[in-house]
Amino acid sequence: MASHLDLEEQEQLDQLKAFWARWGNLITWLLVAVLATYAGWNGWNYWQRDQAIKAAAMYDALDSAAQAKDADKVASVFADLKERFPRTTYATQAALLAAKVQHEKGQGDAARATLAWAAEHGSEEEYRDIARLRLAGLQLDAKQYDEAAKTLDGVKLADFAALVADRRGDLALLQGKPDQAKQEFKKAYEGLDKKLDYRRLVEAKLATLGVAPAAEAAASGAAQ
C-alpha cells in the first residue's frame, strides 16, 4: 500500500513539475505584472493625494491674500500654483478667484489673461465655461467685441445657454444692434429659472428696449 501511495505521489509530483516547466514562467510574469500594477496604482493614488494636499494649501494661501485684497500676493501664489499643480481643481478655482481680485484692482489685462488660462486649462468643462463667460464680460468692458464673440462661441455646456444669450445681448447692444439684443435677451429670460434674481436683471434690460416679457406672457396666457 505504501509503495502504491509513493508511486501515486511521485506521479502527481511529476505532473506538477511538467506543468510548472510549461507554465511556470508565464505564471511568474503574470504575478509580477499584477503586483507591479497594484503597486503602481497605490503609488498613483498617493501621488494624487499628495498633489491635492499641496494644491489645497496653496489655494488657502491665495484665498487669504484675496480676502486681504493683496493683488500682488494673489498673482504670485496663483503663478506658483498653476505651474506646479495645473491639472488640479484648485488651480482652476484659484484662477477664477485671482481674476476677480485683479479686476477689482483695475488690472484688466491680468484678469483677462488669468481667465483665458482657466478657459483653456481648467480641470473641468464647467469651470472652463464659467471662465469663458467671465472673460467675455471683461472683454466687453474693454470693447474687445470680436474677442468676446469668439469666447462665447467656446462655451459648450447647455446649462449656460441662457447666460451666453445674455452676454450676446450685451454684445449686440454695445454694437448698436437693438433688435438682435432683444432676441438674445428674450432667449436668456426664457432660459433662466423663474426663481433666479438674475432673471429680473434680464427683464430690466428688455424693459429698456421696450419689451415687457412678463406682460407678454400674461397676455399670451389670457388669449389661450
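**Exercise 1. Find which residues Thr-114 is in contact with, leaving aside its neighbours within four places in sequence.**

Solution. Thr-114 is in contact (heavy atoms within 4.5 Å) with Phe-78, Ala-95, Ala-98, Ala-99 and Gln-102. This is a predicted model: local features need pLDDT of at least 70, side-chain atom pairs count only at pLDDT 80 or more, and totals for chains, interfaces and linings use all residues. Residues are numbered from 1 along each chain as its sequence is written, and side-chain values use heavy atoms, with hydrogens and water left out.

Thr-114 sits in helix α4 (residues 108–121); helices are DSSP runs of H or I, at least four residues, numbered from the N terminus. Thr-114 has a relative accessible area of 6%. Buried means under 20%, so Thr-114 is buried.

**Exercise 2. Check the length of helix α3 (residues 89–104).**

Solution. Take 1.5 Å times one less than the number of residues. Buried residues in α3 include Ala-95, Ala-98, Ala-99 and Gln-102. Gly-106 follows α3, with a positive phi near 80 degrees.

**Exercise 3. Describe how α7 (residues 161–174) and α8 (residues 178–191) cross.**

Solution. Start with the axes, which are lines fitted to C-alpha atoms over the stretch in contact, with angles from 0 to 180 degrees between N-to-C directions. They come within 7 Å and cross at roughly 160 degrees. That makes α7 roughly antiparallel (over 145 degrees) to α8.

Note on methods
Helices (H or I, at least four residues) and strands (E, at least two) are DSSP runs, numbered from the N terminus. Angles under 35 degrees count as roughly parallel, over 145 as roughly antiparallel, 65 to 115 as roughly perpendicular and the rest as oblique. Buried means under 20% relative accessible area, exposed over 50%, partly exposed in between (1.4 Å probe, protein chains only).
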